[in-house]
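Reader: I'd like to talk through this model. Can you show it first?

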Amino acid sequence: ELTGKYPDHLPIEQAVYKLLIPSPPIRRAIRESLDEAIGTSTINKPTVVALHPRIEHDMLLHDICNEFMQLNLTKIFDSIRLMPKFDLLFVAVSKALVDGKPPDKMNRYKDLMRIALENKIVLNQARNYGVFGSKDQKGIPMLESGTSTTRKIEFPVMEQRNSNGLEVVTAKSLRVTELVASVVNFFTALEADAFVGVRGSTFSQDVFSVRYYQHQDRGDGVGENNFVVGPNGMRQLF
């Protein structure tokens with residue numbers, strides 16, 4: 001149960017969690033994407049909330065895990081609306097599995113089809129007008145998907161033919177764009193001021209754990225800003 005005292009991990013697990021930090025190229029790209037998403041602003045240190053809603057089509061159809069999750073993005077946003085003021089919402093979500101055509105299997109479940117369509121509409125509205133925004137009122141800026149950030153990353157590697165020189169490679173050239181995008185999403189969520197995840201997700205569970213242990217020794221309170229959103233609303237994890 002994701003409430004109360006965090007369950008202890010083995011010492012080796014805690015050590016690994018504390019050592020997980022992004023490489024300089026990834027950190028620079030994340031920072032650049034966050035700055036671009038916020039736009040021209042006088043905010044010196046914007047407050048960023050990261051959200052992993054897990055509303056992709058495959059999860060809507062997951063018979064076991066989806067009973068622990070809130071499948072409706074509108075209701076997830078309603079829960080986030082109650083949080084203290086923030087300047088940017090980062091959403092870790094697969095565009096293809098929200099915007100794309102639902103699998104044929106979903107045609108047998110009218111309620112899920114309705115939710116999938118609503119989620120797509122709500123996500124697109126947030127893209128166009130900001131979270132909680134509309135045609136008449138600008139909402140909070142939203143950044144999603146590590147794919148666009150991944151395109152900015154250049155990794156320096158030692159040239160095989162020249163041991164004294166470096167060459168630059170990209171995720172695309174290495175054919176690992178989706179993998180690096182997942183890493184970017186993970187570290188963006190780690191460094192956010194608050195994280196909202198879901199029960200039953202390995203991604204959320206790992207973000208919860210790393211944030212907790214990395215901030216435990218710092219005493220800055222950020223590691224406590226972890227929230228679980230589910231069918232009954234949102235609650236603080238720790």
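Reader: Leaving aside neighbours within four places in sequence, what is I80 in contact with?
Author: I80 is in contact with L51, F86, L89, F132 and M234. Contact means heavy atoms within 4.5 Å. This is a predicted model: local features need pLDDT of at least 70, side-chain atom pairs count only at pLDDT 80 or more, and totals for chains, interfaces and linings use all residues. Residues are numbered from 1 along each chain as its sequence is written, and side-chain values use heavy atoms, with hydrogens and water left out.

Reader: Which residues touch the most other members of the largest nonpolar core?
Author: L51, F77, I80 and L89, out of 34 residues. A nonpolar core is a set of buried Ala, Val, Leu, Ile, Met, Phe, Trp, Tyr and Cys residues joined through side-chain atoms within 4.5 Å. Buried means under 20% relative accessible area (1.4 Å probe, protein chains only).

Reader: Which element gives the most to this core?
Author: α6, with 6 residues. Helices (H or I, at least four residues) and strands (E, at least two) are DSSP runs, numbered from the N terminus.

Reader: What does the second core include?
Author: That separate core has 30 residues, among them L143, F187, V207 and F208.

Reader: Now the sheet. What is the strand order?
Author: β3-β2-β1-β6-β7-β8, an open sheet with mixed pairing. Two strands pair if DSSP finds at least two bridges between them.

Reader: Which strands stand at the edges?
Author: β3 (142–144) and β8 (233–236). Each has a single partner strand, so one side of each is left without a neighbour in the sheet.

Reader: In what sense do β7 and β8 pair?
Author: Antiparallel, over 4 bridges. G230 stands opposite G233 in β8.

Notes. Buried < 20%, exposed > 50% of the residue type's maximum accessible area, 1.4 Å probe, protein only.
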